[in-house]
Amino acid sequence: MPETKTDQKKGPKLEEEGKSSQPSCECGPECCGWTSDKGKEASYFREAGHWIERRIEGPAGAIPVIRTKLSRQDILGKVKARFGIGRMNYKVRPGLYAVGKAAPDSPVLVSANYKLSFDSLRRELGSLDAWILVLDTTGINVWCAAGKGTFGTEELVHRIEVTGLSRVVSHRTVILPQLGAPGVAAHEVTKRTHFKVIYGPVRAADIKDFLAAGMKATPEMRLVRFRLRDRFVLTAMELTNPFKYLVIVTAVLWVLSFLGLRLFSWGALYPYLGAILIGGFFVPVLLPWIPGRAFAWKGWLLGMLWAAFANIHQGLLPPTQASWQQAAVHFLLLPAISGFLAMGFTGSSTYTSLSGVLKEMRYAMPAILASASIGIVFLAVVLIRGL
Amino acid sequence: MREHRHLSNVATLAYDPDLCTGCGMCAEVCPHAIFSIEGKKARITDRDLCMECGACAKNCPFGAITVRPGVGCAWAILISEIKGREVPSCG
């Protein structure tokens with residue numbers, strides 16, 4: 001079967017990648033950062049104490065009973081992760097956890113060991129009595145991990161076995177988040193563990209209603225969304241890296257200005273700052289309202305409008321003998337930057353396919369590269385003239 | 001009409017109704033609700049909404065659905081190009 005093949009291919013590769021300090025991505029609603037995976041030696045969330053209430057005896061060691069209220073530390077950790085600080089190492093230990101007065105007949109909810117995923121689940125459980133089975137997804141959220149296969153059939157079967165789940169609960173049902181489905185073959189799991197897999201709602205916030213309805217999800221619970229506030233939250237990550245580069249460039253230009261190279265000025269820099277904001281913030285936030293479908297196009301379009309504004313604002317338009325080259329630099333570089341960054345938001349979106357993004361890139365990449373190259377040539381000309 | 005729509009006519013989703021038993025797993029796992037069960041068969045209602053996550057194919061016990069699963073992420077595709085990976089994946 002082609003499916004199994006892909007899994008085998010992915011398996012060893014993932015381990016390899018886990019150890020590298022290469023740019024690393026964690027997909028789904030929060031895809032693709034470049035945060036490196038430092039201090040790989042599984043330092044699971046150190047301040048574990050504040051979210052673990054006590055421990056109870058289980059067949060395979062102690063089971064932590066966890067709190068369902070997020071503490072200030074949890075929230076601080078969440079904000080940090082959103083900005084990419086320590087995001088690739090924000091993990092909880094895989095295994096079984098208990099919530100409330102979990103009993104043998106309490107439901108088993110499966111989650112990933114990315115602490116944001118785990119936290120968003122436990123804070124929804126309130127007064128519920130349940131078990132949480134945390135899979136080892138190398139600290140990556142459910143959807144991305146499912147895509148990679150780490151939130152997958154193998155890991156689920158393995159985790160059910162090593163935690164002795166069948167001796168903890170009297171029933172034979174595990175509830176998975178629906179977004180785990182790309183990695184898990186429910187029928188395979190049942191065949192191998194005798195546990196039935198039921199796909200719960202997409203969002204943890206619907207868990208209570210789902211359980212109350214006798215483990216039935218409404219059509220609304222099954223739909224993934226990408227609302228304004230979902231997109232807004234993700235822009236923090238989109239902006240973190242481009243701004244890092246902008247700060248470095250600015251610092252270099254600033255130092256150069258002491259050496260007599262007058263390249264550093266607010267007027268020279270703000271158009272680029274704006275282009276980054278457009279690609280990393282305005283396109284994501286305004287996404288459905290910008291005409292067109294390709295992300296790069298949306299970014300290019302707003303970038304073009306921004307370039308026109310900047311040029312008029314700086315008196316470069318209408319063009320004169322002295323100004324047209326600088327105006328051209330803006331028209332060529334700014335839309336290229338915002339288009340490129342907007343294209344990157346495909347990874348954070350919840351509706352683009354590999355085929356769709358490949359097609360978009362086939363047209364966008366050559367256009368962006370051409371526009372940027374010519375823009376850099378013009379920029380060089382302008383800079384050399386200014387010396 | 002959904003709020004978000006990417007490019008049309010690109011999805012690799014394929015479905016063989018002859019193998020389908022109408023169990024409804026695909027409709028259950030699809031995050032964009034593109035399957036509907038009519039009679040004893042699944043039907044693809046809007047192929048252009050498919051994001052190729054692969055959940056339906058993976059969970060179809062009868063192998064009636066195929067799709068090339070992958071991440072619709074430009075950075076992942078770029079990094080995979082650079083590293084010479086066959087299938088773009090995150091990380």
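Student: In chain A, what share of the contacts with a separation of 6 or more comes from residues 24 or more positions apart?

Tutor: This is a predicted model, and in it residues 24 or more positions apart account for 70% of the contacts in chain A with a separation of 6 or more. Chain A has 14 helices and seven strands, and of its 387 residues 46% count as buried.

Student: Which residues of the largest nonpolar core touch the most other members?

Tutor: The general idea is that in soluble globular proteins nonpolar side chains tend to be buried together. Here the largest nonpolar core holds 78 residues, and Trp131(A) and Leu133(A) touch the most other members. Strand 5 of chain A, residues 130-135, gives the most to this core, with six residues. Leaving aside neighbours within four places in sequence, Trp131(A) is in contact with residues including Leu96(A), Ala102(A), Val108(A) and Val169(A). Apart from this core lies another, of 44 residues, with Trp297(A), Ala307(A), Met343(A) and Leu354(A) among them.

Student: How many residues of chain A are in contact with chain B, and how many of chain B take part?

Tutor: There are 45 residues of chain A in contact with 40 residues of chain B. Helix 1 (2-19), helix 4 (142-148), helix 7 (186-193), helix 9 (219-222), helix 13 (324-344) and helix 14 (354-386) of chain A are the elements that give two or more residues to the side of chain A that touches chain B. Helix 14 of chain A supplies the largest share of that side, eight residues. By type, the residues of this side divide into 26 nonpolar, 11 polar and eight charged.

Student: Why does Gly356(A) count as buried?

Tutor: Gly356(A) counts as buried because 26 other C-beta atoms lie within 10 Å, where 20 or more are needed. Leaving aside neighbours within four places in sequence, Gly356(A) is in contact with His6(B), Leu7(B), Val10(B) and Gly72(B).

Technical notes
Residues are numbered from 1 along each chain as its sequence is written. Chains are lettered from A and ligands numbered from 1 in the order in which they are written. This is a predicted model: local features need pLDDT of at least 70, side-chain atom pairs count only at pLDDT 80 or more; totals for chains, interfaces and linings use all residues. Two residues are in contact if their C-beta atoms, placed from the backbone, lie within 7 Å. Helices (H or I, at least four residues) and strands (E, at least two) are DSSP runs, numbered from the N terminus. Ala, Val, Leu, Ile, Met, Phe, Trp, Tyr, Cys and Pro count as nonpolar, Asp, Glu, Lys and Arg as charged, and the others, Gly among them, as polar. A residue is buried if 20 or more other C-beta atoms lie within 10 Å of its own, exposed if 12 or fewer, and partly exposed in between; C-beta atoms are placed from the backbone. A nonpolar core is a set of buried Ala, Val, Leu, Ile, Met, Phe, Trp, Tyr and Cys residues joined through C-beta atoms within 7 Å.
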